[in-house]
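Student: I have a structure to study. Can we go through it in short questions?

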Amino acid sequence: MNPAARIGGLALIAMLGAFAARAQIADADRKSGAAFMSAQTQEMQRDDGANPGMLAALDGESLWNARTGGAGKSCADCHGEAQTGMKGVAARYPAFNEASAAPIDLQGRINLCRQDQQKATPLAPESRDLLALSAFIGLQSRGMPTAPPDDPRLTPFRERGRALWSQRMGQLNFSCAQCHDDNWGKHLGSAPIPQAHANAYPIYRLEWQGMGLLQRRLRNCMSGVRAQAFPYGAQEFVELELFLAERARGMPVETPGVRP
Amino acid sequence: MARALVNVPAKVKRGDVVEIKVLISHPMETGFRPDPNGKFYPRDILKSFACTYDGEHVFSAELFPAVSANPFFSFTVVATQTGVLTFSWTDDKDQTQVQTAKIEVE
């Protein structure tokens, strides 16, 4: 072995050592993804006049009050004013759905309402209307702590989500935890690695030049490690969302967030 | 009509320098982005923005394909009199969207 290769080998061992260093992030060390952004991007999120997510939220408000579907009902006809009726709702999703005996996320709930109550077609994943309604409903919980429900029926699903979180996947053979638990605050190329708390979705992502939901972001990371991404709406995603909600318990909701 | 967010302080003192912020929803499609079949999405951008204060031209900008989606402008005017600020955005098809805001000067 030549000296250069030996040094390379030592560096690799040192890197692997660093990888095993940290496990779960202590509550006091938790930071929102916003803390890793530039001051300009933080200001963009803070200022409702500059946050493009507010455009989606305003679209969502019109959808909330628009009658649609075979039943000719609007969201407001059942739920009333979103400002009161939807306060804190987004902060406690995903929740357990009795009918399917499985957890559903907020988008699943919106589509169930559309099908069962409004007799309308469900909205496509990541469609403009679904993003708008999610942003509007999420906005009603802004500033409130993430509060996943203490429902024992959710536990097995959440545990599966936790297992997925540390499951190595893809050609790069990385798990979520290796970056976001063990190496947050360091850089991947020029981009800082955040802690991956899902407290600002749907987000306006500058890279996307548009809005996106958590599942789009998760698929992004999965293709980043060259894994085959789960399809939109997959049970695995809802389980991961459940685990992420638990992991971010108590952190304030920032919806609609802005991310680089 | 695209949705626009206009942020103008409602009441100001005469002579104050007032910050105006406007954000409009627009895809700003460059014309250089291919769809899944390799064909380019047709160009669709806002090409100009202008602001008048009681009819007087106070700010304008030219926009190009490199400008991001949902263009945001922030600029200042001197509050001279109570009046109406008119904002207009013009796209590639020469269609103009106009939005107005009142400003009250004490």
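Tutor: Start with A:Pro94, which sits in the loop between helix 5 (82-85) and strand 1 (95-97) of chain A. Helices (H or I, at least four residues) and strands (E, at least two) are DSSP runs, numbered from the N terminus. This is a predicted model: local features need pLDDT of at least 70, side-chain atom pairs count only at pLDDT 80 or more, and totals for chains, interfaces and linings use all residues. Residues are numbered from 1 along each chain as its sequence is written, while chains are lettered from A and ligands numbered from 1 in the order in which they are written.

Student: What kind of peptide bond joins A:Tyr93 and A:Pro94?

Tutor: Most peptide bonds are trans. Here omega is about 0°. The bond between A:Tyr93 and A:Pro94 is cis.

Student: Which residue does a cis peptide bond join to A:Thr255?

Tutor: Omega of this bond is about -5°. Look in the loop between helix 11 and strand 7 of chain A. The residue is A:Pro256.

Student: Is A:Lys119 buried, exposed or partly exposed?

Tutor: A residue is buried if 20 or more other C-beta atoms, placed from the backbone, lie within 10 Å of its own, exposed if 12 or fewer, and partly exposed in between. A:Lys119 lies in the loop between helix 6 (106-116) and helix 7 (128-139) of chain A. It has 13 other C-beta atoms within 10 Å, so A:Lys119 is partly exposed.

Student: What is phi of A:Glu126 near?

Tutor: Most residues other than glycine have a negative phi. A:Glu126, in the loop between helix 6 and helix 7 of chain A, has a positive value. Its phi is near 60°.

Student: How many Å separate the centres of domain 1 and domain 2 of chain A?

Tutor: Domain bounds come from an automatic or database domain assignment. Domain 1 covers 27-47 + 151-259, and domain 2 covers 53-139. Taken over C-alpha atoms, their centres are separated by 22 Å.

Student: Which helix gives the largest share of the side of domain 1 that touches domain 2 in chain A?

Tutor: Residues are in contact if their C-beta atoms, placed from the backbone, lie within 7 Å. The contact takes 24 residues from domain 1 and 20 residues from domain 2 of chain A. The largest share of the domain 1 side is five residues, from helix 11 of chain A.

Student: Which residue is the bridge partner of B:Ala4 in strand 3 of chain B?

Tutor: Two strands pair if DSSP finds at least two bridges between them. Four bridges join strand 1 to strand 3 of chain B, and these strands run antiparallel. The partner of B:Ala4 is B:Ile24.

Notes:
Two residues are in contact if their C-beta atoms, placed from the backbone, lie within 7 Å.
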